[in-house]
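Colleague: Could you walk me through this fold and the terms you use for it?
Modeller: Gladly, let's look at it together.

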Amino acid sequence: MMNIKVIAFDADDTLWVNEPYFRRTEEKFCNLFSEFLPTHDIERELLKIEIGNLGLYGYGIKGFVLSMIETALRITDGQINTQAIEKILALGKELLNEPIELLEGVEQVLQSLQDKYRLVVATKGDLLDQERKLKKSNLLQYFHHIEVMSEKDDASYQKLVKHLDIQPNELLMVGNSLKSDILPVLNIGGHAIHIPYHITWVHEMVENQVEHDNFKSVTHIQEVLQYIAL
């Protein structure tokens, strides 16, 4: 990784806690409608609707709230009342207002790297929500560029590389999702370091193990420094 010029970091569950908040909200949602279906059936229906809506709403809390409302309509056969919708909207606002909890070691790593590399945030999600979280995180000072993608695929990373005016092999991506953060970057010739998070959304899971010369896997973000010239 001696030729690296730009290090890109995923945001949610790489820099700060995210998925546990969604899981907690999902649990509250299931409890609201427990009289209609068992929890696992509601979870399955919500996931199906969420994935079906990604092309319309994209990733993020607002799309999640709309999917919860649609799920409630479906599992109640349209009998949902206004009070229930108000409760779902309240869950969404509660999720939007969750505190930003940085993962251990994140700021120390960014401090170590900021004077030696261009640091970038490359994340999915709602633009307004991600900008809000970055501002609340107090990490903006470390980053040269913020890229909020509608999807993290090969074409999106190619576009990022072009925008940054670098070659693919001069990019290192650090993230918790093999599907979104690792495989597309390896596909275009970049480098990638995977930091697994203890909770992963089902849609982001991949079963195949990654074997690639440009790939590393670590258990903690501070281990990233072992593979980078400082």
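Modeller: An open sheet is formed by 6 strands in the order S3-S2-S1-S4-S5-S6, with parallel pairing. This is a predicted model, where local features need pLDDT of at least 70, side-chain atom pairs count only at pLDDT 80 or more, and totals for chains, interfaces and linings use all residues. Residues are numbered from 1 along each chain as its sequence is written, and side-chain values use heavy atoms, with hydrogens and water left out.

Colleague: Why do S3 and strand S6 stand at the edges?

Modeller: Each has a single partner strand, so one side of each lacks a neighbour in the sheet. Strands here are DSSP runs of E with at least two residues, helices are runs of H or I with at least four, and both are numbered from the N terminus.

Colleague: What makes S2 and strand S3 a pair?

Modeller: Two strands pair if DSSP finds at least two bridges between them. S2 and S3 (residues 145–149) have 5 bridges in the parallel sense, so they meet that definition. Val121 has Ile146 in S3 as its bridge partner.

Colleague: What about strand S1 and S2?

Modeller: S1 (residues 6–9) is joined to S2 by 4 bridges, also parallel, and Ala8 stands opposite Val120 in S2.

Colleague: Why is Leu66 called partly exposed?

Modeller: Buried means under 20% relative accessible area and exposed over 50%, with partly exposed in between (1.4 Å probe, protein chains only). Leu66 has 39%, so it is partly exposed. Leu66 lies in helix H3 (residues 61–75).

Colleague: How covered is strand S2?

Modeller: Strand S2 (residues 118–124) is mostly covered, with 6 of its 7 residues buried.
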